[in-house]
Amino acid sequence: MAENYDVIIIGSGPGGYVAAVRAAQLGLKTAIVEREHLGGICLNWGCIPTKALLRSAEVMDHANHFKDYGLVLEGTVKPDVTAVVARSRGVSARLTGGVAFLMKKNKIDVIWGEAKITKPGEIVVTKSKKPAVQPQNPLPKNIKSEDGTYNAKHIIVATGARPRALPGIEPDGKLIWTYFEAMKPDFLPKTLLVMGSGAIGIEFASFYRSMGVDVTVVEVMSSIMPVEDVEISGIAKKQLEKRGLKFILDAKVTKVDKSADSITATIETKDGKSQQITADRMISAVGVVGNIENLGLEALGVKTDRGCVVIDGYGKTNVPGLYAIGDVAGPPMLAHKAEHEGVVCVEKIAGLPNVHATDKSKVPGCTYCNPQVASVGLTEAKAKELGRDIRVGRFPFAANGKAIALGEDQGLCKVIFDNKTGELLGAHMVGAEVTELIQGFVIAMNLETTEEELMHTIFPHPTVSETMKEASLDAYGRALNA
């Protein structure tokens, strides 16, 4: 006999497991199906372990500039890639164990296997084709490993995404890497070619450069990190170039020839010129595509668009009782967006009053390279394209006391306001710890803050956060320290 639930969630990444926890909190009988590892890509192969790698890179960068801080370091600091990777994997394991604890604590059943939706309200789970990384053996009572049929009035698809592969330049796991291989190298290549300068490409380019690798990045657009404000990405590019990274913009890799232990890439620019670059390894970072296959979605008539499930602001698909959240539901493909979508979806299912639809215009983006980049809302170019009458404020880190004291004085805070209403339309930052600061602007936008509230907020001194107030003041010709 099929087991019945109120909610079944397919996938245990940030969106899936957070949705499961919230559903359980609301008294819904909940199960989550996972085919490989609790925590999904984010905790196992994405957000968390990459930040552990980048922390090692940050420490390495500081060690190489000890003299700038009046310190003497005797001997040479060298990266031990095996130890760096081991630390990263340890951080990941700690957090995936935490997800298993949360499932048990909230009485959420975990079903190991691959799910297929056979009809609305019903899924069939079969043994996974991938080896499941189970949290412990023997399994706790809330974790099931048997195949079977399961029913639920509400089914949420949270299957995430995988690296996109370009025809003819498919990753092979040896010479052409995805983020999977790039995250756990068994050696440091001397030269590296990175295809794509989005967050994934730039973060790995920054990490490997800190480890002493000669890195070249190829980007098809005219600026790196194309989704960012062009002024911000331009500053980031200059700082990355000072660290030794090389960029080829307005260009694409058209062909890759492989030898025994290296690749030679043919790169064509928009003006028709061509060049070849040989590197020990190559990272393909040209985006991701939703995991929508083999779920039964096509047979059910679920609407998709460019490899992702189409949903409304509450996660609903065009099929009653079926929902999607996170990367599989389209951009921005960010863990925090997935978590928020999961909570909104479940609260709507539970019938809570005043549930607000997810507003993608207020989803912050963070890139953890050196220097860091963070943003929320409209870029200056997009605001102008939409015909908005705007005021733009800027404040350089070079005029901020804390940034100077940190030795991190190369950065910029940029804000965009509506000239008529004072509405904060966008905020863009590059520099030290901006990924920790951007939440202030996100909160401000959610509270419909205007320039007046930001100007009259008392920011602590000395902090880098003061650049946020000064940029707001600058938009109205009132900057005090620049």
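This is a predicted model: local features need pLDDT of at least 70, side-chain atom pairs count only at pLDDT 80 or more; totals for chains, interfaces and linings use all residues.
Residues are numbered from 1 along each chain as its sequence is written, and side-chain values use heavy atoms, with hydrogens and water left out. Helices (H or I, at least four residues) and strands (E, at least two) are DSSP runs, numbered from the N terminus.

**Helix α9**
- Helix α9 covers residues 335–349, and its end C-alpha atoms are 21 Å apart.
- G351 follows α9 and has a positive phi, near 80 degrees.

- Strands β4 (residues 114–119) and β5 (residues 122–126) run antiparallel and are joined by five bridges; strands pair if DSSP finds at least two bridges between them.
- K116 has V124 in β5 as its bridge partner.
- Two residues lie between the strands, and G121 takes a positive phi near 85 degrees.

**Nonpolar cores**
- A nonpolar core is a set of buried Ala, Val, Leu, Ile, Met, Phe, Trp, Tyr and Cys residues joined through side-chain atoms within 4.5 Å.
- The largest has 36 residues; F204, F207, Y208, V215 and I283 touch the most other members.
- α6 gives the most to this core, with five residues.
- Beyond four places in sequence, I283 is in contact (heavy atoms within 4.5 Å) with residues including W177, L192, F204 and Y208.
- A second, separate core of 29 residues includes I9, A19, I143 and I325.

**Aromatic rings**
- Rings of Phe, Tyr and Trp (its six-membered ring) pair if their centres lie within 6.5 Å; planes under 30 degrees apart count as stacked, over 60 as edge-to-face and the rest as tilted.
- There are six aromatic pairs by this rule.
- Y5 and Y150 form a tilted pair, with centres 6.5 Å apart and planes at 40 degrees.
- Y5 is in β1 and Y150 in β7, so the pair ties together parts 145 residues apart in sequence.
- Both Y5 and Y150 are buried.
- Ring pairs link W45, Y179 and F180 into a cluster.

Terms used
The expected span of a helix is 1.5 Å times one less than its number of residues. Buried means under 20% relative accessible area, exposed over 50%, partly exposed in between (1.4 Å probe, protein chains only).
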